Amino acid sequence: MLNFHIIKVDLKNGETRYRTILTKSGKGIKTKTFRPKQDARTRGNRAVLNAQEYEAKGIKPCAIKFTRLADEYMRWWTGKDHDRVRLVLWWGQRLGKTLLSDITPELIRDTLKPKNHKHRQPTINTSLFYLLFWIWMVTTQ
(Lines give C-alpha, C1' and ligand atoms only; values in the text may rest on other atoms or scores of the structure.)
Protein backbone atom coordinates (compact mmCIF):
# COMPACT_ATOMS: atom_id res chain seq x y z
CA MET A 1 0.00 0.00 0.00
CA LEU A 2 1.24 3.45 -0.90
CA ASN A 3 1.62 6.07 1.82
CA PHE A 4 3.33 9.42 2.12
CA HIS A 5 4.81 11.75 4.68
CA ILE A 6 6.07 15.30 4.55
CA ILE A 7 9.30 16.61 6.03
CA LYS A 8 10.34 20.22 6.50
CA VAL A 9 13.64 21.18 4.86
CA ASP A 10 15.38 24.38 5.97
CA LEU A 11 17.75 25.74 3.34
CA LYS A 12 20.98 27.61 4.06
CA ASN A 13 19.51 30.84 2.75
CA GLY A 14 16.76 30.68 5.39
CA GLU A 15 13.95 29.55 3.10
CA THR A 16 11.77 26.55 3.91
CA ARG A 17 10.75 23.74 1.58
CA TYR A 18 8.51 20.75 2.16
CA ARG A 19 9.43 17.35 0.78
CA THR A 20 6.76 14.76 0.05
CA ILE A 21 8.11 11.24 0.35
CA LEU A 22 5.98 8.46 -1.16
CA THR A 23 6.57 5.13 0.57
CA LYS A 24 5.56 1.59 -0.18
CA SER A 25 6.04 -1.08 2.48
CA GLY A 26 8.06 1.43 4.49
CA LYS A 27 10.58 2.14 1.73
CA GLY A 28 10.78 5.53 0.03
CA ILE A 29 10.07 5.21 -3.67
CA LYS A 30 9.71 8.81 -4.85
CA THR A 31 10.30 12.31 -3.49
CA LYS A 32 9.30 15.77 -4.63
CA THR A 33 10.05 19.12 -3.00
CA PHE A 34 7.59 22.03 -2.83
CA ARG A 35 7.61 25.56 -1.45
CA PRO A 36 4.10 25.63 0.05
CA LYS A 37 3.19 22.81 2.40
CA GLN A 38 -0.28 22.55 0.87
CA ASP A 39 1.22 21.64 -2.52
CA ALA A 40 3.23 18.87 -0.86
CA ARG A 41 0.13 17.55 0.90
CA THR A 42 -1.92 17.71 -2.33
CA ARG A 43 0.76 15.78 -4.25
CA GLY A 44 0.90 13.05 -1.59
CA ASN A 45 -2.89 12.69 -1.37
CA ARG A 46 -3.24 12.58 -5.15
CA ALA A 47 -0.56 9.90 -5.50
CA VAL A 48 -2.15 7.71 -2.81
CA LEU A 49 -5.64 8.09 -4.30
CA ASN A 50 -4.37 7.28 -7.80
CA ALA A 51 -2.59 4.18 -6.50
CA GLN A 52 -5.77 3.02 -4.72
CA GLU A 53 -7.83 3.65 -7.85
CA TYR A 54 -5.39 1.66 -10.02
CA GLU A 55 -5.39 -1.17 -7.50
CA ALA A 56 -9.20 -1.27 -7.42
CA LYS A 57 -9.39 -1.34 -11.24
CA GLY A 58 -6.65 -3.94 -11.49
CA ILE A 59 -4.31 -1.68 -13.44
CA LYS A 60 -0.63 -2.35 -12.86
CA PRO A 61 1.87 0.49 -13.11
CA CYS A 62 4.24 0.56 -16.04
CA ALA A 63 7.31 -1.61 -15.54
CA ILE A 64 9.02 -0.77 -18.84
CA LYS A 65 12.30 1.14 -18.68
CA PHE A 66 13.36 3.80 -21.13
CA THR A 67 16.16 1.61 -22.51
CA ARG A 68 13.56 -0.83 -23.82
CA LEU A 69 11.73 2.03 -25.52
CA ALA A 70 14.96 3.17 -27.18
CA ASP A 71 15.78 -0.37 -28.30
CA GLU A 72 12.31 -0.86 -29.80
CA TYR A 73 12.54 2.46 -31.62
CA MET A 74 15.95 1.66 -33.09
CA ARG A 75 14.62 -1.75 -34.21
CA TRP A 76 11.77 -0.09 -36.15
CA TRP A 77 13.66 2.95 -37.45
CA THR A 78 14.89 2.65 -41.03
CA GLY A 79 15.80 6.27 -41.79
CA LYS A 80 19.07 7.71 -42.98
CA ASP A 81 19.45 10.46 -40.39
CA HIS A 82 22.66 9.55 -38.52
CA ASP A 83 21.97 12.16 -35.86
CA ARG A 84 18.94 10.18 -34.71
CA VAL A 85 21.18 7.40 -33.39
CA ARG A 86 23.18 9.94 -31.39
CA LEU A 87 20.01 11.39 -29.87
CA VAL A 88 18.67 7.97 -28.91
CA LEU A 89 21.97 7.17 -27.19
CA TRP A 90 21.99 10.59 -25.48
CA TRP A 91 18.50 10.10 -24.05
CA GLY A 92 19.34 6.50 -23.18
CA GLN A 93 22.27 7.63 -21.05
CA ARG A 94 20.15 10.11 -19.13
CA LEU A 95 16.83 8.25 -18.80
CA GLY A 96 17.95 4.66 -19.39
CA LYS A 97 16.94 3.16 -16.05
CA THR A 98 13.85 5.33 -15.59
CA LEU A 99 10.45 3.68 -15.84
CA LEU A 100 8.20 5.20 -18.51
CA SER A 101 5.55 5.94 -15.89
CA ASP A 102 8.12 7.96 -13.91
CA ILE A 103 9.05 10.25 -16.80
CA THR A 104 7.46 13.58 -15.93
CA PRO A 105 7.65 17.03 -17.51
CA GLU A 106 9.83 18.13 -14.59
CA LEU A 107 12.30 15.30 -15.25
CA ILE A 108 12.47 16.17 -18.94
CA ARG A 109 12.90 19.86 -18.15
CA ASP A 110 15.71 19.13 -15.67
CA THR A 111 17.40 16.81 -18.15
CA LEU A 112 17.25 19.41 -20.92
CA LYS A 113 18.24 22.34 -18.74
CA PRO A 114 21.60 23.54 -20.07
CA LYS A 115 24.11 23.46 -17.22
CA ASN A 116 26.95 25.29 -18.95
CA HIS A 117 24.86 26.72 -21.78
CA LYS A 118 26.48 24.18 -24.11
CA HIS A 119 23.18 23.32 -25.77
CA ARG A 120 21.49 25.91 -27.88
CA GLN A 121 17.72 26.21 -27.83
CA PRO A 122 17.21 24.56 -31.26
CA THR A 123 19.18 21.54 -30.03
CA ILE A 124 17.00 21.31 -26.93
CA ASN A 125 13.80 21.63 -28.95
CA THR A 126 14.95 18.95 -31.40
CA SER A 127 15.86 16.58 -28.58
CA LEU A 128 12.51 17.14 -26.90
CA PHE A 129 10.67 16.54 -30.16
CA TYR A 130 12.44 13.23 -30.76
CA LEU A 131 11.81 12.05 -27.19
CA LEU A 132 8.09 12.77 -27.41
CA PHE A 133 7.91 11.19 -30.86
CA TRP A 134 9.58 7.98 -29.64
CA ILE A 135 7.24 7.65 -26.71
CA TRP A 136 4.21 8.28 -28.92
CA MET A 137 5.37 5.88 -31.63
CA VAL A 138 6.20 2.97 -29.34
CA THR A 139 3.07 3.34 -27.24
CA THR A 140 0.79 3.43 -30.29
CA GLN A 141 2.35 0.36 -31.92
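Visitor: In which helix do Glu53 and Lys57 lie, and how many residues apart are they?

Guide: This is a predicted model. In it, Glu53 and Lys57 both belong to helix H1 (residues 37–57). They are 4 residues apart, about one turn of the helix.

Visitor: Why is the contact between Glu53 and Lys57 called a salt bridge?

Guide: The closest N and O atoms of Glu53 and Lys57 are 2.9 Å apart. The cut-off is within 4 Å, so the pair qualifies.

Visitor: What makes Lys57 exposed?

Guide: Lys57 has a relative accessible area of 56%. Exposed means over 50%, so Lys57 is exposed. Glu53, at 36%, falls between the limits of 20% and 50% and therefore counts as partly exposed.

Visitor: How do you know that Arg17 is buried?

Guide: The relative accessible area of Arg17 is 15%. Buried means under 20%, so the label applies. Arg17 forms a salt bridge with Glu15, with the closest N and O atoms 2.9 Å apart. Glu15 has a relative accessible area of 34% and is partly exposed.

Visitor: Why does the pair Glu72 and Arg75 count as a salt bridge?

Guide: Their closest N and O atoms are 2.6 Å apart. That is within 4 Å, so the pair counts. Glu72 and Arg75 lie in helix H2 (residues 66–76), 3 residues apart, which is about one helical turn. Arg75 is exposed because its relative accessible area, 55%, is over 50%.

Visitor: How many salt bridges does the structure hold?

Guide: The structure holds 3 salt bridges.

Definitions and conventions
Residues are numbered from 1 along each chain as its sequence is written. This is a predicted model: local features need pLDDT of at least 70, side-chain atom pairs count only at pLDDT 80 or more; totals for chains, interfaces and linings use all residues. Side-chain values use heavy atoms; hydrogens and water are left out. A salt bridge is a side-chain nitrogen of Lys or Arg within 4 Å of a carboxyl oxygen of Asp or Glu. Buried means under 20% relative accessible area, exposed over 50%, partly exposed in between (1.4 Å probe, protein chains only). Helices (H or I, at least four residues) and strands (E, at least two) are DSSP runs, numbered from the N terminus.
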